[in-house]
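Hello,

Please look through it when you have time.

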Amino acid sequence: MGGPDLLDRLHRLLDPLAEPPALTAGDLEQAAGFDAVVLAGERVPPTGVPDGGPPCLVLGEGGIPLGELTGPWLMRALAWEAERAELQGRLRNSNRRAEEMLATVSHELRSPMTVISMAVQLAQNPATPPEKRERHLKLLGESVQALHTLLNDILDYSKLDSGRLELSEVDFGLRALLENVAQGYGLVCERKGLDFDFKVPPDVPDALRGDPGRLRQVLVNLLGNACKFTDKGSVSLAASPLARDGDTVELQFTVRDSGIGIAPAAQARIFDAYVQADKDISRKFGGTGLGLAITRRLVELMGGRIWVESRLGGGSAFHFTCRLARQPAALAREDLAPVSLSGLRALVADRNRASSEELLAILADLGLQPEAVSTASQAAKLASPDFGVAFLDLDLGRASGFDLLDQFHTKGLLEHMPVLVTTSAGQRGDAARCVELGASAYLTRPLAPGDVRTALEAVLADHRAGRKRLVTRHTLREELAATR
Amino acid sequence: MKSVLLVDDQEAIRQLVRDALEAWPDQLEVTEAVDGQDAVDTMNRQTFDLLILDIRMPRKDGYEVLEWVRSNSATAELPVIMLTAENEDMDIVKGAELGATSYVTKPFNLDDLFEALKGYL
């Protein structure tokens, strides 16, 4: 048998679910008569069978003889066999995980079931005093709630796994949601003797549109884990805006703890379903191993990603991003609202002392808090998202000025700290370079206080609304003309 | 009065088992431990007539506590009832090999628990 007939037989044999029979003495005898043998996708001796070359016996996984093949037929059979073996391996892993999950879920069901069963039996006993009966009913209620949560987790995962879970789209206030979650976990931490820190900077937008319930679920899962695996030290929740793009905003959330940490090998697996960092964790802390798998899928549905930084014994930081729509009414309000310059920290990088001092005086008069540096390296060292704006003079050295801007751009600092590039000697191509590197304005000196104010207001309004454009003397003149 | 050390990391189960034990005809003195390490610390300070021991617990699990109990001369003969949600045969065999006296799986009837207690109290 050879060629298409054999390929047809092979096709039927390559059923990924089929368990191959054990190798028999007869199979080995048959194998001994051939020049080459292929076992589970691997040829022995090495590949290079020419068309019309000697026939090879193909053995599948476990030694099942699949047939005799030559040249191109052999290559196709090899590819099928390798694919089948890989698929079978994945199915086995998946089945093993599902079995482990069933065992874990069954264990997790038993605990609340025990409480329910005992509470009912004790409450039914006429000898039980009324105050105890009341306590038993309270425990019963709590266990019913725990069962409810567990079943919801299982149903959520099942829906996410089959792509049947859809996010809602409603208007909500992000700050109220975060404060509410933080309040609950602040209390949990207080009970455990842990510090709880909660940080949401003012540039995080509040009026958003999306699925607040699912966002809360992600935060609750991560904070719940942080509290569960931390015995001393602290837990924190922070949010920050990553990027604004027209009517959407990308946010990053971080849940950090000083708990037991996660081994590097386990970090890659913890977002898979049914997996806990290790067996000991499952034994000691319980849980189904579905929480982080659900969390990852929800984050992905919200257009984001999730990752972890952790060290065994050194705590963990779970970061996730998500994209949310901004409420149209809020966008309109923000566009109309005046920009506040008061108290804004401004970084001024200029090698020329006289022009630097002149700009510092103008900024201070406008109510900003300016800080000056005279070299690109000092500016790179000092720059941080704590600055609300930066002025970067190309007199630092044209190359180093643009290099510095490039560094800010690469580090993502421009998302928090828009940069106004200034120069006393503009050159052809400067503006295009500014656009390429993400600067918000390009202004030629001298700078009058009115110019600085107008440019700052335009840049900060653009930044707040997520608008990308380069403000120049020309655009400012055009806007001024349009308002007259 | 007989003394019992009840070890379970779930407060609800400790409360309910305590209430059940307090309904036992003979008066029992029930002490609670919140995890395996707490159980060992408590047994280092005090002696008991019976240990009721959960398996899945933080800090030290029930098997580790059982090993400690059997290797310690003061507690080597202490009757130990494993009260646990682990019901795989292998878990029962492991408990028996380490010296568990009896095994009650969750969820259980109070009658099952009383039946297990009868032999030791």
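In this predicted model, the axes of helix α2 (residues 36-45) of chain B and α3(B) come within 9 Å and cross at roughly 20 degrees. Angles under 35 degrees count as roughly parallel, so α2(B) and α3(B) are roughly parallel to each other. The crossing in which α2(B) passes α3(B) is right-handed.

Which residues meet where α2(B) and α3(B) touch? From α2(B) they are Gly36(B), Ala39(B), Val40(B), Met43(B) and Asn44(B), and they meet Val65(B), Trp68(B) and Val69(B) of α3(B). By type, the residues of this contact between α2(B) and α3(B) comprise six nonpolar, two polar and no charged.

Helix α3 (residues 62-71) of chain B also lies across strands β3, β4 and β5 of chain B. Relative to β4(B), α3(B) runs at about 175 degrees.

The strands belong to an open sheet of five in chain B, with parallel pairing and the order β2-β1-β3-β4-β5. At its edges are β2 (28-33) and β5 (102-105) of chain B, each pairing on one side only. From one strand to the next the twist averages 20 degrees.

Within the sheet, β3 (residues 50-53) and β4 (residues 80-84) of chain B run parallel and are joined by three bridges. One bridge partner to look up is Val80(B) in β4(B), which pairs with Leu51(B).

Regards

Terms used: Residues are numbered from 1 along each chain as its sequence is written. Chains are lettered from A and ligands numbered from 1 in the order in which they are written. This is a predicted model: local features need pLDDT of at least 70, side-chain atom pairs count only at pLDDT 80 or more; totals for chains, interfaces and linings use all residues. Side-chain values use heavy atoms; hydrogens and water are left out. Two strands pair if DSSP finds at least two bridges between them. Helices (H or I, at least four residues) and strands (E, at least two) are DSSP runs, numbered from the N terminus. Axes are lines fitted to C-alpha atoms, for helices over the stretch in contact, and angles run from 0 to 180 degrees between N-to-C directions. Contact means heavy atoms within 4.5 Å. Angles under 35 degrees count as roughly parallel, over 145 as roughly antiparallel, 65 to 115 as roughly perpendicular and the rest as oblique. A crossing is left-handed if the near helix is turned anticlockwise from the far one by less than a right angle, and right-handed if clockwise. Ala, Val, Leu, Ile, Met, Phe, Trp, Tyr, Cys and Pro count as nonpolar, Asp, Glu, Lys and Arg as charged, and the others, Gly among them, as polar.
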